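Q: I am new to this structure and would be grateful for a close look at a single part of it. Please treat that part in one connected account.

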Amino acid sequence: MKPFDYTLDFKNIDFRTSPELYRVGKGEQGVLLVEPYKGEILPHWRFKTPDIARESADKIYQMFLDYLDRDDFVGADMARKFLQMGYTRSRRYANHKSGRKYQQNPQKETSPAAQLQARKNILPNEPDLVKAESAAIFKEKWMLAKTNEKYLQLLEKHKQMHESD
């Protein structure tokens, strides 16, 4: 799989009209960059309580299905990424009330050794069962999305398009 290309001019690219520029990358890469999808999906992304998370995950999953109905792989993949991010962020808050996992942000360290050290300084867990329930709601929809047969077919087609890059 090709890495996500962070060098693109995200402010000026419409990925609906230029889907060939899109790279899936790993996990949630690019979830807050790829337009117009970020603008369409982000307003619905919430996880504060299980009820809010359920409404959000249901809405985003329906958007995922709508993108698939239009054979819009980039939109479907972005919706999948938002569902995944709903799970990962809810889990982080379920484990760490502040939402911070590390004592210091490893991404702000200047050397690989300092980044590695910062990743070892994990804050203690402070379980939050409400956020854990929100995470479970998003995880269910994320799993449905990432195993959806049509999504997998479009993903394979998208990968093949980029094999010659």
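Where is the place of Asp-71?

A: The model is a predicted one. In it, Asp-71 is placed in the loop between helix 2 and helix 3. Although Asp-71 is not a glycine, its phi is positive, at about 55°.

Helix 2 may be considered with helix 5. The axes of helix 2 and helix 5 are 9 Å apart, and the two helices pack at an angle of about 15°. Angles under 35 degrees count as roughly parallel, and helix 2 is therefore roughly parallel to helix 5. Their crossing is right-handed. From helix 2, the contact is made by Pro-50, Ala-53, Arg-54, Ser-56, Ala-57, Asp-58, Tyr-61 and Phe-64. From helix 5, Val-130, Glu-133, Ser-134, Ile-137, Phe-138, Lys-141, Leu-144 and Ala-145 take part. Sorted by class, the contact of helix 2 with helix 5 holds 10 nonpolar, two polar and four charged residues.

Helix 2 also meets helix 6. Here the axes come within 10 Å and cross at roughly 55°, and helix 2 and helix 6 are therefore oblique to each other. The crossing of helix 2 past helix 6 is left-handed. The residues that meet are Phe-64, Leu-68 and Asp-69 in helix 2 and Lys-150, Tyr-151 and Leu-154 in helix 6. By class, the contact of helix 2 with helix 6 has four nonpolar, no polar and two charged residues.

The crossing of helix 3 and helix 5 is left-handed. On helix 3, the residues in contact include Arg-80, Leu-83, Tyr-87 and Ala-94; on helix 5, they include Ala-135, Phe-138, Trp-142 and Ala-145. The contact of helix 3 with helix 5 is made up of 10 nonpolar, four polar and six charged residues.

Ala-145 lies in helix 5 and, at 0% relative accessibility, counts as buried. Leaving aside residues up to four places away in sequence, Ala-145 touches Tyr-61, Phe-64, Arg-80, Leu-83 and Tyr-151. The C-alpha atoms of Ala-145 and Lys-81 are separated by 9.5 Å, while the two residues are 64 residues apart along the chain.

The aromatic rings come next. The count comes to 13 aromatic pairs. In one of them, the rings of Tyr-22 and Phe-73 have centres 6.4 Å apart and planes at 65°, so this pair is edge-to-face. The pair links distant parts of the chain, with Tyr-22 in the segment before helix 1 (37–41) and Phe-73 in helix 3, 51 residues apart. Tyr-22 is buried, with a relative accessible area of 1%, and Phe-73 is buried as well, with 7%. The C-alpha atoms of Tyr-22 and Phe-73 are separated by 9.7 Å. Besides Phe-73, Tyr-22 touches residues including Phe-4, Phe-15, Val-74, Asp-77 and His-158, not counting residues up to four places away in sequence.

A second pair joins Phe-64 and Tyr-151. Their ring centres are 5.7 Å apart and their planes stand at 50°, so the pair is tilted. Because Phe-64 lies in helix 2 (residues 50–69) and Tyr-151 in helix 6 (residues 149–162), this pair ties together parts that are 87 residues apart in sequence. Both Phe-64 and Tyr-151 are buried. Ring pairs link these residues into a cluster with others: the cluster holds Phe-4, Tyr-6, Phe-10, Phe-15, Tyr-22, Tyr-61, Phe-64, Phe-73 and Tyr-151.

One further backbone feature may be noted. A cis peptide bond, with omega of about 10°, joins Glu-35 and Pro-36.

Conventions
Residues numbered from 1 in each chain as written. Predicted model: local features only at pLDDT ≥ 70, side-chain atom pairs only at ≥ 80, totals over all residues. Heavy atoms only, no water. Left-handed = near helix turned anticlockwise from the far one by under 90°. Helix = DSSP H or I, 4+ residues; strand = E, 2+ residues; numbered from the N terminus. Contact = heavy atoms within 4.5 Å. Nonpolar A, V, L, I, M, F, W, Y, C, P; charged D, E, K, R; others polar. Phe/Tyr/Trp six-rings, centres within 6.5 Å; stacked < 30°, edge-to-face > 60°. Buried < 20%, exposed > 50% of the residue type's maximum accessible area, 1.4 Å probe, protein only. Axes fitted to C-alpha atoms, helices over the stretch in contact; angles between N-to-C directions. Parallel < 35°, antiparallel > 145°, perpendicular 65-115°, else oblique.
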